[in-house]
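Here's a quick tour of one protein model, starting with a sheet and ending with the whole chain. Have the viewer open as you read.

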Amino acid sequence: MKIQKILNILTLLTGAIAVTVSSLWIGKQAYSWLPPQAAAESLLIDDLISFLVTLGAFIFLGVTSTLMYSVIFHRAVKDDFTDGPPIDGNVAVEVIWTAIPILLVFWIAGYSYQVYEQMGIQGPSELVHLHNPLAVAAKDVSANALAQPVEKIDVLAKQWAWVFHYPERDVTSTELHLPSDRRVRLALRSQDVLHGFYIPAFRLKQDIIPNHALDFEFTPIRPGQYRLTDSQYSGTYFATMQANVVVESPEDYQQWLAQAATQKPSLANNQAASEYAQTSNQSVQTGWVTVPPAAPTLVNSPG
């Protein structure tokens, strides 16, 4: 009897170790499921996602392995159709299986809120909009980036286009250019309806509320070209509301600004306006009536 009990304990420990190791491995794989980490804030989000995947894998594998063990080693013998022994309620077990999920929920909520605070993402309410900078952990942003002046860029969202204005050189563009390893502060505004500023590679999303100005800060860390999309459905030509995000070295960024400042402003390419003009010129009108897109903007750099 003692030997059987020891074997059961060893089996339980072996299973728990196997499930834990497998869960940690699966959690590490979650990093490869996501786009490149192009901003300092993406490190925080990816760590949180990896934690949630690890926890979910542990619960899934733990429950599944327990069921498989029961089916394989504790199944009824052939042709045994009798009822199992009656088991009364166990208060200790009921307390444990109620307490564990509660503690897990508090753990997840606490970790998520900690990441939320570190990122300092602004809410949509004017009362929440305190113009405070993001408190990203110092380990995620180099001291050099924090020591440099914040790059300020105005962002205008409208149906259906993004417009970026760089006050330093009075440059307007339909492409968002950002210096790498420099703090960036965007002044987000909407010209018409609710829009969503979303760059998957940065793990950043911020709703843009009409008649509200929101400051939004982050630190790009990986040079390259990424994609900005509108995360909120904003009308018929919503799918055309995208823009390139170019992260480049501070030297290349300043060179682009200087070159763009010398360009004569011209009308930006606007896919929504072009498609709307084509449908408006048709002799037979089909489909629903839609809001006319905003007029193309004069820009120094059309992208």
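## The sheet

In what order do the 5 strands of the open sheet come? The order is β3-β2-β1-β5-β8, and the pairing is mixed. Strands here are DSSP runs of E with at least two residues, helices are runs of H or I with at least four, and both are numbered from the N terminus; two strands pair if DSSP finds at least two bridges between them. At the edges sit β3 (171–173) and β8 (214–218), each pairing on one side only. From one strand to the next, the twist averages 25 degrees.

This is a predicted model, where local features need pLDDT of at least 70, side-chain atom pairs count only at pLDDT 80 or more, and totals for chains, interfaces and linings use all residues. Residues are numbered from 1 along each chain as its sequence is written, and side-chain values use heavy atoms, leaving out hydrogens and water.

Strands β1 (residues 151–158) and β2 (residues 161–166) run antiparallel, joined by 5 bridges. K158 has its bridge partner in β2, namely A161.

Helix α5 (residues 250–261) lies across β1, β2 and β3, and runs at about 100 degrees to β3. Angles run from 0 to 180 degrees between N-to-C directions, with axes fitted to C-alpha atoms, for helices over the stretch in contact (heavy atoms within 4.5 Å).

## The whole protein

Overall, there are 6 helices and 12 strands. Of the 303 residues, 35% are buried, meaning under 20% relative accessible area (1.4 Å probe, protein chains only).

Definitions and conventions:
Buried means under 20% relative accessible area, exposed over 50%, partly exposed in between (1.4 Å probe, protein chains only).
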